[in-house]
Amino acid sequence: MLLLHQARNRPRTSATARSGTQAPKIGLAVAGGGPIGGMYELGALRALDEALDGLDLTRLDCYVGVSSGAFLAAGLVNRMSTAQMCRIFITGTSDDVEFRPETFLRPAILEYLRRASNLPRLVADWWRELLFAPGEARWADLITRFGGLVPTGLFDNSEVERFLREVFERRGRSNDFRELGRPLYVVAVDLDSGEAVRFGSPGWEDVPISHAIQASAALPGLYPPVQIRNRHFVDGALRRTMHASVVLDQGIDLLLGVNPLVPFDASLTPQHGAACDPRGLAGGGLPAVLSQTFRTMLQSRMEIGLAKYAQQYPDVDQLVFEPNADDGEMFYTNLFSFSSRHQVCQLAYRNTLADLRRRADTLRPLLAAHGIQLREEIVNDPQRSILDGLDEPPRMTDATARLHRALDDVAQMVASPNTRRTRR
């Protein structure tokens with residue numbers, strides 16, 4: 001599903017871009033959604049990368065990412081193409097990064113032990129109150145008193161940070177916001193104050209990118225809060241779904257956004273799974289109810305935000321790509337599972353191409369104003385697979401990869417401003 005807002009006025013047109021004075025500015029906002037949401041976003045970005053001629057997702061003017069979307073944004077600004085990331089996460093044919101899902105799902109043993117170590121003291125205090133002040137020892141206080149024994153997260157996200165650090169510190173990439181050359185913002189929420197913090201902004205740009213993403217992806221219950229400067233941070237989606245205003249405030253002309261989580265409309269697919277149950281989604285038990293609730297809350301906030309953005313930024317074209325409401329496959333896939341990543345990527349890829357195909361008449365002039373054209377042979381191929389464009393790349397060492405980046409930088413420097421986003 002494509003959410004589209006057309007600019008009231010476009011201060012920069014394709015004509016001004018061709019004059020070589022100032023090309024339109026493009027920003028990317030990628031929301032969160034757990035591991036499976038990240039895979040949906042990768043499929044959608046891969047479709048845009050292939051279908052839009054004149055757009056280079058690794059050379060946009062501004063990026064913001066939340067949770068799993070933060071890794072994709074950081075990868076793109078580090079000049080990791082969507083094809084490279086598909087080889088890492090989908091086909092496993094990358095000669096650069098080896099992805100192991102178990103790295104992201106290791107039990108937080110130290111967190112369990114640290115919490116359990118408080119049990120003797122809490123039990124001793126409780127019995128002391130029962131013996132010496134029985135009137136003050138209420139059984140209803142048990143949940144509050146012993147709630148501190150429950151771990152704040154099931155899995156250890158220190159391994160996630162280590163994986164990200166290794167990815168961004170090799171082959172000429174950078175784990176430092178200040179060395180990227182283009183603005184990247186990673187959003188997390190301060191657990192103690194509820195404040196949204198933009199890592200990469202002034203005052204926070206010295207935090208390593210890997211650490212910022214670890215904090216932004218610390219979904220409560222799944223991963224423990226991440227401590228940075230004696231403050232504890234959790235998932236950035238707790239405040240806003242996509243934080244698109246971060247890039248809209250940078251004076252962009254075109255916003256591209258991807259949001260992987262929308263409510264499922266079971267009435268549109270009565271033949272699908274739990275929808276056959278006369279109780280509807282409630283027949284799927286607590287997981288289905290919580291999933292639908294979570295998605296509905298995120299979608300509601302996003303719709304409110306986009307409506308507000310259309311008023312606050314009337315001269316910015318805004319394209320946000322989402323799953324369809326009847327995508328039962330997306331809803332019934334475990335949000336925290338990596339096993340269905342190829343399937344979900346393919347769904348996102350075809351959904352996005354279908355959105356471009358359905359809205360092609362509207363999109364052609366809109367995109368042309370930003371120096372972008374639809375690749376008709378790709379957009380109009382409903383059978384195209386996400387694997388079709390993933391040719392085996394030449395094998396590179398770390399040294400040759402750095403040389404390739406340097407040569408690409410030189411070519412970019414001598415290119416005219418209006419071609420700076422053209423893929424090479």
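Helices (H or I, at least four residues) and strands (E, at least two) are DSSP runs, numbered from the N terminus. The model is predicted, so local features need pLDDT of at least 70 and side-chain atom pairs count only at pLDDT 80 or more, while totals for chains, interfaces and linings use all residues. Residues are numbered from 1 along each chain as its sequence is written, and side-chain values use heavy atoms, with hydrogens and water left out.

Arginine 240 lies in the loop between β8 (231-235) and α10 (245-248). Its relative accessible area is 33%, and it counts as partly exposed because that term covers values between buried (under 20%) and exposed (over 50%), with a 1.4 Å probe and protein chains only.

Strand β5 (residues 184-190) is mostly covered, with seven of its seven residues buried. Two strands pair if DSSP finds at least two bridges between them. β5 pairs with strand β4 (residues 62-66) in the parallel sense over four bridges, and valine 66 stands opposite valine 187 in β5. With strand β6 (residues 196-199), β5 runs antiparallel and is joined by four bridges; valine 189 has alanine 196 in β6 as its bridge partner. The hairpin of β5 and β6 has five residues between the strands, and glycine 194 there takes a positive phi near 80°. β5 also runs antiparallel to β8, joined by three bridges. Here aspartate 190 stands opposite phenylalanine 233 in β8.

Helix α3 (residues 68-77) is mostly covered too: 10 of its 10 residues are buried. Among them are Phe71, Leu72 and Leu76. Just after α3, arginine 79 takes a positive phi of about 65°.
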